[in-house]
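Here is a short briefing to read alongside the sequence and the 3D view. Please keep both open as you go through the points below.

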Amino acid sequence: MSAEPLHLQLRWHHQFQFAGYYAALEKGYYKDAGLDVIIHEGTPEKKPVQEVLQGHAQYGEANSELLLERLRGAPLVALAAIYQHSPSVLIARKDAGISSPDGLVGKKIMLLNQTVDADFVAMFNNEGIDINRLHIIPSSYEIRDLIDGKADAFNSYLSNEPYFLKQQGIEFNVLNPRNYGVDFYSDILFTTEDELKRHPERVKAFRQASLEGWYYAMDHSQEIIDLLLNKYKVNKSRDHLNFEADAIRPLIVPDVIDLGHMNPWRWRHMAETFIKAGMVENDNFLQNFSYDPDPKADKEKLLKYIRIAVTITLLTGISTLTLLASYRALKRKNKKASRNEKLLRLAHETAGIGYYAIDLATGLWESSPLLDQIFGIDANFDRVIPNWATLIHPEHRQRVLDHYQDVIRNHERFSMEYVITHPNDNETRWVIAHGYIEYDKADNPVQLVGTIQDITERKQAEETITCLNEKLKKKVHRQTNELTASNLSLIRKIEELRRSKHQLMEREAKLNSIFNASVEGIITIDMFNIIISANAAVDPIFGYKPEELIGCSINKLIQSSPRETICCSLLHAAQPVSQIQEIDGIHKNGSLVSLDLSTAEYSIDNEHYFTHIVRDVSSRKQREQKDKKHLNELAHVTRLGLMGEMASGIAHEVNQPLSAISSYTQVSLNLINIEPPDLARLTEILDKTQQQALRAGRIIHRMREFVKSHAQKRSVADVNNLIHECAGLCVGELKQNNIKLTFELKNNLPPVHVDQIQIEQVIINLIRNSVDALKNLPEKQQRQLTISSRLTLNNDIQVKVKDNGAGIDEDQKQKILTPFYTTKADGMGMGLSITRSLVEAHEGTLNFNSKAGKGTTFYFTLPTEKI
């Protein structure tokens, strides 16, 4: 085994808390295992989990934050739980009046952080306390801050801070998470998954040597204290180290539980506590967290423990009373029996049994901490007989009190089950009570001694079993009847299946006939784009016989797999594949064939298939091209037609400069005839004549440009930019008519290849149509215009212009897009017709939706630029 230096990172400064590791080092247990170990004390900046994850140490020692980090995905492995119960508590000065977690609301609490102090976060959650209502401040690690009032509660260790407070005579209250349902492992030896994977034997040896050191330290505490004082120069007195050694022993419980023992169910309970507190989402990473050095031995040990636990459970009721009676008699006879008292208390705690004693003369009673936990009471609870009665549920109270009276009269032991109620939250629990009465020499009852054990889970299990048995009986009866009926039904179904099989064979023959007679090509491919079937219609479409295609790739017929296009579409819309696509197919002679394609996806025996239905639309494409040419010609004719409407206006415009020219010419002639001629005045008049002539020329030039049949000048454009440019041109009209413009434009749309001037004319026409519709609304009604853009499932750009005008009635809907139809008094009825022609010239479509009184939406599509 390699003697490579191994680094162990402790949680805090050297102290008795880590006694076992010092013993393993000094007594040679590490050396005997072939390990060269270096122990590093902790500081606020050096936390074991981070040090080990960052590779500064191979091993570390941590509290419950180890499990929390594991559940968050850190590759950590717990090797041994040294402390069976956590020493982490909150301490408050007694004069602060904080005796329960509820008293912390609004108080200043010093904690490390919510990860390291996970015990406290879980305790707050169990008590229903919103952590945001607590004033949490970072720990200063100085108990003096609690004494001086800088904090109301201080994160502490039972083995450390209480010593300082007792030395200074300061009374304090302890808030222990164990009393509020949070009992976590602590001081857990751990490593990483990588260390365990690469050096399994080294991990096993390191763990075993460490545990041997802990066994030695527990049996030789004074020797370890000497070592800490003389070699490690700890900043603690011998008295303080003795206090620490005594405090941690009941937390490690080495006399009852194997050192390092880890219960997988207890780890799971801790994980569930974290989940309930919202600190992690799930326990997915819990598996393989707990190290098992010998799985087979552990299984045998587990069976042994189960047998022992069953035996203890059966004998607990009898043996506990016997032990308790013997103990109390021994105590009166011999004060040296204190060790037996500790062991007895430990046995009770291990078995989950609390005990109590009631002085029948004074009416006062005392109880063990575990009984307080079962009853949900704390140290401040007034322990008098009337208050004992209040802890019993009202429905059970009188019966229990009467039974106690019978026990006193009859001089008998008692055993009974009843329900108690927690005074703080009214939670109810089932308990079982065993006990007896002690009498004096005059046969007067002087003391009632008893035990209490929480049996809520057992009662719930009994109720569940009873309920399940009843349900099982009903279910068996019901299922017997159902099986009888099912057998008869199966007989009928077998006969039906025989008939169905014959019908299926007939149907299959019909479908095969239809399949091969179809004029549309039907091609089925698998997940790998391999053709597995094709009908006879593929021959006239592609020039291949069906048998020639079987086993070939679909790319032989179609340039890119339609299945890939379909899958992309499905990512944006979870719906059956049925959208018809226009694609180019490849004929056997190499020419391209225009096709309409629709696809169906289905599964047979968990295998996915795609069936493509193709139709040759070459003739339709040719017809569409011819129609497009016709529309272009129509658009030109329409422009000429519009000239007729514009003629009078243009004539009026031209007439003005011509009239001015005529007038200026006459004035010029008159000035020439004057002797002497007024040349300055004549020059001025001739200049004005020239300006009017130029104006007339510009008017005629604009008219010529308008009637020209322009060829499209296409370029790549961003449709959102075109929309903003058009809106900017119309902003004056919108403001003048008090119209609110809203944009709903999708970002990152693909570019379009268009004649930008024509598409801008389309958008402007639609905006002005909406403006005309909104002008007629009452002044008090909000006038709204919305322009939106988006990408359709067919990978086209769709632009919508929506208004809340009066809408279009049913008669107008049939004619609104036809040439020379108008709803305006002075309109020519060519605007929307030309708009549609421009859109279709770009291979798009123009449509509209309208509802009388609700408004109108015109929308058109444009194909995206193909890259």
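In this predicted model, Arg266 sits over the face of Tyr185, 4.2 Å from the ring centre.

**Aromatic pairs**

- The structure holds 18 aromatic pairs.
- One of them joins Tyr83 and Trp214 edge-to-face, with 6.4 Å centre to centre and 85° between the planes.
- This pair links distant parts of the chain: Tyr83 belongs to strand E4 (residues 76–83) and Trp214 to helix H9 (residues 200–219), 131 residues apart.
- Because Phe184 lies in the loop between strand E9 (172–175) and strand E10 (186–192) while Phe274 lies in helix H12 (residues 264–276), their pair ties together parts that are 90 residues apart in sequence.
- Both Phe184 and Phe274 are buried.

**Around Arg249**

- Arg249 is found in helix H11 (residues 238–252).
- With a relative accessible area of 25%, Arg249 is partly exposed.
- Which residues does Arg249 touch, not counting those up to four places away in sequence? They are Met218, Pro254 and Asp255.
- Met218 is 31 residues from Arg249 along the chain, and their C-alpha atoms are separated by 7.7 Å.

**A five-stranded sheet**

- Five strands make up an open sheet with mixed pairing, in the order E7-E6-E8-E5-E9.
- At its edges are strand E7 (135–138) and E9, each pairing on one side only.
- On average, neighbouring strands of this sheet are turned by 35° against each other, direction ignored.
- Strand E5 (residues 88–93) pairs with E9 in the antiparallel sense over four bridges, and Leu90 stands opposite Leu175 in E9.
- Helix H5 (residues 118–126) packs on the sheet, where it touches E5, strand E6 (108–111) and strand E8 (153–157).
- The direction of helix H5 makes about 70° with that of E5.

Key: Residues are numbered from 1 along each chain as its sequence is written. This is a predicted model: local features need pLDDT of at least 70, side-chain atom pairs count only at pLDDT 80 or more; totals for chains, interfaces and linings use all residues. Side-chain values use heavy atoms; hydrogens and water are left out. Rings of Phe, Tyr and Trp (its six-membered ring) pair if their centres lie within 6.5 Å; planes under 30 degrees apart count as stacked, over 60 as edge-to-face and the rest as tilted. Helices (H or I, at least four residues) and strands (E, at least two) are DSSP runs, numbered from the N terminus. Buried means under 20% relative accessible area, exposed over 50%, partly exposed in between (1.4 Å probe, protein chains only). A charge sits over a ring if NZ of Lys or CZ of Arg is within 6 Å of the ring centre and within 35 degrees of the ring normal. Contact means heavy atoms within 4.5 Å. Two strands pair if DSSP finds at least two bridges between them. Axes are lines fitted to C-alpha atoms, for helices over the stretch in contact, and angles run from 0 to 180 degrees between N-to-C directions.
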